[in-house]
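Trainee: I am new to this structure and would like to understand the words used for it. Could you take me through them?

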Amino acid sequence: MVKAKAGVTSASTTRVRTQTATKPNSSAKAASSKTGAAVSADSSALKPKAIQRPIDFYYWPTPNGWKISIMLEECELPYVMRPVNIGKGEQFEPGFLKISPNNRVPAIVDPDGPGDKPITIFESGAILQYFGRKTSKFYPEKERERVDVDQWLFWQVGGIGPMAGQANHFRHYAPEQIKYAIDRFTNEVRRLYGVMNRRLEDREYLAGKYSIADIASWAWVVSHQLQGQNLDEFPNLKAWYDRIAARPAVQKGHAVGRELRQTQHVDLRSNVEVRRKNFNPRMRP
Ligand SMILES: N[C@@H](CCC(=O)N[C@@H](CS)C(=O)NCC(=O)O)C(=O)O
């Protein structure tokens with residue numbers, strides 16, 4: 001279902017995931033008090049609720065954004081997608097800065113956060129862990145299993161994400177083709193694909209069962225061609241990629257906002273002002 005609703009940014013097209021209930025928290029409180037469950041205000045907010053209000057999801061269809069659109073779909077959480085056109089520089093608008101102090105997507109505001117109060121979260125890894133704890137899905141509760149997921153999640157956030165981002169930048173967006181930079185980042189991404197390929201030699205997923213670690217890395221492997229990689233060189237990785245791509249929620253999440261790229265796309269190479277803001281940190285507020 002697609003609805004128009006005012007957003008933080010000037011682009012206010014929003015998309016609302018099908019939802020069954022939008023009643024305020026008081027109903028949820030009443031429902032839980034009937035069960036007599038003795039839970040602290042904080043922990044109760046991290047458990048799935050009978051009634052969850054839509055989560056505001058600040059997004060642009062990019063690898064870091066897909067991680068969250070896929071997780072929202074996998075967890076069947078209701079959300080309102082609020083586009084932040086990073087090609088037009090909307091990530092630098094003051095309203096968005098309050099939500100995402102790093103001026104980047106994705107970010108979320110969950111009206112039903114801990115203590116039954118809204119919570120704002122930026123950084124895709126933190127958002128994935130939050131949804132994992134909130135829904136008890138794709139993020140195991142046993143410490144040993146959770147540590148396994150965490151190490152691969154952090155490997156993605158600190159490793160393959162930034163390296164693949166730089167490879168993509170120097171291959172496709174840099175004003176000049178710098179061979180040293182292209183080789184350095186393309187080769188490092190290749191090494192990291194090799195790490196995943198070895199890890200997946202004797203298992204179906206990166207850390208135990210399908211988890212937020214797989215969702216995070218998959219979203220980056222999607223753009224392997226832009227990063228100068230050939231999945232045929234990595235058979236275990238390719239099988240993993242296809243296995244995850246076959247999941248209906250992954251397909252749905254990956255398709256969120258796809259039309260925005262066509263209707264609102266701005267080519268960063270030809271938009272001098274946006275590039276000045278996006279790629280020169282000294283110009284940023
Ligand atoms: N570490 C951040 C990275 C977020 C990030 O780099 N987002 C990109 C889109 S994939 C962005 O907002 N770029 C806008 C810009 O560079 O100004 C995360 O994992 O959430």
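Trainee: Which residues of helix α10 are buried?

Mentor: In α10 (residues 248–255), the buried residues are V250, G253 and H254. A helix here is a DSSP run of H or I with at least four residues, a strand is a run of E with at least two, and both are numbered from the N terminus. "Buried" calls for 20 or more other C-beta atoms within 10 Å of the residue's own, "exposed" for 12 or fewer, and "partly exposed" lies in between, with C-beta atoms placed from the backbone.

Trainee: What puts them on the same side of α10?

Mentor: They cover an arc of only 100 degrees around the axis, so they are on the same side of α10. The arc is taken from the directions from the helix axis to the C-beta atoms. These buried residues of α10 pack against α3 and α9 (235–245).

Trainee: Before we go on, what kind of model is this?

Mentor: The model is predicted: local features need pLDDT of at least 70, side-chain atom pairs count only at pLDDT 80 or more, and totals for chains, interfaces and linings use all residues. Residues are numbered from 1 along each chain as its sequence is written. The protein chain has 12 helices and six strands, and buried residues make up 35% of its 285 residues.

Trainee: Why is F96 called buried?

Mentor: F96, in helix α4 (residues 94–99), has 22 other C-beta atoms within 10 Å, and therefore counts as buried.

Trainee: What makes R243 partly exposed?

Mentor: R243 belongs to helix α9. Its count is 16 other C-beta atoms within 10 Å, so R243 is partly exposed.

Trainee: How do you know whether F138 is buried or exposed?

Mentor: F138 has 20 C-beta neighbours inside 10 Å, so F138 counts as buried. F138 lies in the loop between α5 and α6, and its phi is near 60 degrees, a positive value in a residue other than glycine.

Trainee: What about S136, is it buried or partly exposed?

Mentor: S136 is found in the loop between α5 and α6. With 13 other C-beta atoms within 10 Å, S136 is partly exposed. S136 also has a positive phi, about 55 degrees, although it is not a glycine. Most residues other than glycine have a negative phi, and most peptide bonds are trans.

Trainee: Which peptide bond is cis?

Mentor: The bond from V105 to P106 is cis, with omega near 5 degrees. P106 lies in the loop between α4 and β5 (107–110).

Trainee: What makes a group of residues a nonpolar core?

Mentor: Such a core is a set of buried Ala, Val, Leu, Ile, Met, Phe, Trp, Tyr and Cys residues joined through C-beta atoms within 7 Å. The largest one here has 59 residues, and F57, I212 and I215 have the most contacts inside it. Helix α6 (residues 143–173) gives the largest share of this core, nine residues.

Trainee: Which residues does F57 contact?

Mentor: Two residues are in contact if their C-beta atoms, placed from the backbone, lie within 7 Å. Leaving aside neighbours within four places in sequence, the contacts of F57 include I68, L72, Y79 and P106.

Trainee: Which residues come nearest to the ligand?

Mentor: T62, N64, I86, R104 and S124 come nearest, of the 14 residues around the ligand. A residue is near a molecule or strand if its C-beta atom, placed from the backbone, lies within 6 Å of it. Helices α3 (63–75) and α5 (124–135) each supply at least two residues of this shell.
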